[in-house]
Amino acid sequence: MTAATNFKSALKPIWCPGCGDFGVLQALYRALAAIGREPHEIAFVSGIGCSSRIPGYTTAYGFNTIHGRALPIAQGIKVANPELLVIAAGGDGDGFSIGGGHVPHAARRNVDITYIVLDNQIYGLTKGQLSPTSRQGLRTVTSVTGSIEQPFNPLLAVLAYGAPFVAQGTPADMTGLAAMLEEAIRYPGFSFVNVQSPCITFGDPDWQLKAHKAAMTKAADRGHDPASRIAAMEIAQGYGHELVTGVLYRDPEPPPTYGALVRERQDQAPAAPGDRARVLERFAVHQAGEDIA
């Protein structure tokens, strides 16, 4: 069995002491160890932000993309090399602001990747501006009188986009988070995990790990049926008002993945030996500005 330490790189995390991202990283090490894949069989993709440093703290393949573009890169990697286990990670700003347009398409395509959002309700790396998930009334360095905006609800949105696996966790419950990440990574399709990972420096002072421990309830303890998308949406309505952890939705009949459908189409319509040459010839004619017959 692969040990959790096998995934830990020599690069030391530079997060602020007390940051929730430390716990998420440790839970991720545990989940990967339980799955048993070797580091060279895994690819991490991230965007920009504190949480997007995760690829550098692992021994797996890593790709730190530009802001908000983790998902399209992750999808391309998975389609090009379906044998790789592909995980995308980023923050709430990275995923639901500049990168928000990519989330619904990753969900509807059902690409077999896991998307982990470390949701701290703030832009931490750029020193404390409001993010899409900041609560109404939150005071920050650029909103000194308090936010007037309603927060974006990532759980409700991703469920509505059709994601077949949606979960929420917190590093205040390391055992539960590690198990949840393992289940998400094992799920055969697009899996989304929203992790409430508080920012100790610029985040809401009333919403740190101690508050998580006091407020959190497990979906399973509430008798929740994760096979029901409607029931999951009812729980998701409480985002920002209550912290419910666990698997909120797991499609009991996983739809075919995008990669499987691509390979099926390739098998159905194999290219003739001369097709590639004809395509390249037509492209060269087009580039030369000539008419294509």
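How many bridges join strand β1 to strand β3, and in which sense do the two strands run? Strand β1 (residues 42–46) and strand β3 (residues 85–91) are joined by 5 bridges and run parallel. The model is predicted: local features need pLDDT of at least 70, side-chain atom pairs count only at pLDDT 80 or more, and totals for chains, interfaces and linings use all residues. Residues are numbered from 1 along each chain as its sequence is written, and side-chain values use heavy atoms, with hydrogens and water left out.

**The sheet**
- An open sheet of 8 strands shows mixed pairing, in the order β2-β1-β3-β4-β6-β5-β8-β7.
- The edges are formed by β2 (61–64) and β7 (217–218), each with a single partner strand, so one side of each has no neighbour in the sheet.
- Strands are DSSP runs of E with at least two residues, helices are runs of H or I with at least four, and both are numbered from the N terminus.
- Two strands pair if DSSP finds at least two bridges between them.

**Strand β1 and its partners**
- With β2, strand β1 pairs in the parallel sense over 4 bridges.
- Val45 has Phe63 as its bridge partner in β2 and stands opposite Ala88 in β3.
- Ile42 has Leu85 as its bridge partner in β3.

**Burial of β1**
- Strand β1 is mostly covered, with 5 of its 5 residues buried (under 20% relative accessible area, 1.4 Å probe, protein chains only).
- Ile42, Phe44 and Ser46 point one way from β1, whereas Ala43 and Val45 point the other way.

Key:
Buried means under 20% relative accessible area, exposed over 50%, partly exposed in between (1.4 Å probe, protein chains only).
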